[in-house]
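The entries follow below the structure.

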Amino acid sequence: MEKFVIEGGRRLDGELQVQGSKNSALPILAAAAVTGKSSILLNCPRLRDTDAAIRILRHIGCEASRAGDAVIVCSDAPKRYDIPEALMREMRSSIIFLGALLGRFGKAEMCAPGGCAIGLRPIDLHLSALEALGVHTEACGGRLCCTAPNGLHGARITLAFPSVGATENILLCAVCAEGETVIHNAAREPEIADLAAFLNRCGACIQGAGSDTVSVTPREQFLSCEYTIMPDRIMAATYLAAAAVTGGSILLRRAAPQDLLPVMPCFEQAGCAVRAVKDTLRLNAPPHLRSAKLIRTMPYPGFPTDFQASAMVMASVASGTGVFVETIFESRYKHVPELVRMGAHITVQNNVAVVEGVPRLHGACVQAADLRGGAALVTAGLAAEGITTVTGLAHIDRGCERFETNLALLGAGIKRVHLDVE
Ligand code: UD1
């Protein structure tokens, strides 16, 4: 077991290159299995989740290897269309391989991904959309067995909610279907546009990705390609928050500022000066933050649920009262009791959290229960007076590449300590 030991109160100052996006890399790695060609994926972050995706690719018979920041996938001869339970459990997002396997083989077998720390995470929208494409699903012994008895065919699909994962699964399947597919009320997250751009680079014809109506026109064959995965907008925002709560100054390189527009008001209302120049973003924080008044998580281009926990840390040390409304996931306040242990004043009722800012947090022993909540606890530790230890690093390592190294380079007092197992 490992923990972070954080000596808080140090001002962050410096430059950082933003890592590649986890939420973009995962569906693109799955997409690489669809094409039957070689894909060189540059800027692919080295994370527990991307490692799990690589293991799934190898399990189904693809060649997948890392070379520097790239992952090279060759999918000319995959053999298997099942994903064992152990691999499914390693990563909840492995459901994204459902569309990819169906596209490639016309069949797929995997266990349902089940719930996770942030909520139930059902897949009903994925399954009903795939059904419209000709997929028949049966539950056999706790596993999902999916087939397309009459082949995959295009369809008009209207999602009841703009689910990111469902939109991705439809794209992965629809690029291999016969006939045109149109998705209405599609998720508009930049990661959807990135997946579509990768598939188009491989020869697919997807239009409208990033808007609420996406069309997929079938193509005869795919091509090998090289593709650079987009920067991680949530990690970019996480580093901005870390600089903000320490009264610091940070320059993010390869930051894709346009993707961060939904979180910009949070920093501006806090009194931070933020300036985008080309693909860089500079933030200068005031000595004391002001609280954002209301943060309501929404599908893109609304405020991202993945940044809610870090924004709450900002509000915890700001002057004034902030109100948070979490509308995407039902159990996404697991960081709250831990922040309270550090001296934060937060009350939660159902999906509403009220945060009264305090002058400072104090160090405590806290535990990460999920990835983004864990990153937020680290951010809180940077702002706190004294020593904070954060356990549950397995969650943080799912999505934050070289987190402690990057923070230490910015001047944070943070180290990873290996705990002796007795
Ligand atoms: C993705 C992101 C995750 C982010 C989330 C919302 C990846 C790997 N993960 O997750 O980091 O927090 O988008 O921006 O990209 N829902 C259903 N039925 C379904 C599918 C979803 O009810 O079939 C519900 C979910 O329970 C949740 C909401 O829809 O309440 C949003 O889920 P979705 O957009 O699908 O998120 P993910 O793709 O799981």
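Entry one, cysteines. I looked up cysteine 111 and found its sulfur 11 Å from the closest cysteine sulfur, that of cysteine 145, which is too far for a bond. Cysteine 111 has 6% relative accessibility and therefore counts as buried (buried is under 20% relative accessible area, exposed over 50%, partly exposed in between, with a 1.4 Å probe and protein chains only).

I noted that this is a predicted model, in which local features need pLDDT of at least 70 and side-chain atom pairs count only at pLDDT 80 or more, while totals for chains, interfaces and linings use all residues. Residues are numbered from 1 along each chain as its sequence is written, and side-chain values use heavy atoms, with hydrogens and water left out.

Entry two, the disulfide. I found 1 disulfide in the structure (a pair of cysteine sulfur atoms within 2.5 Å). Cysteine 140 and cysteine 145 form it, with their sulfur atoms 1.9 Å apart. The torsion about their S-S bond is about 85°, so I recorded the disulfide as right-handed. Cysteine 140 is partly exposed because its relative accessibility is 30%. Cysteine 145, at 17%, is buried.

I traced an open sheet of 4 strands with mixed pairing, in the order β4-β5-β3-β14. Strands are DSSP runs of E with at least two residues, numbered from the N terminus, and two strands pair if DSSP finds at least two bridges between them. The edge strands, β4 (63–67) and β14 (225–228), each pair on one side only. Strand β3 (residues 38–42) runs parallel to β14, joined by 4 bridges.
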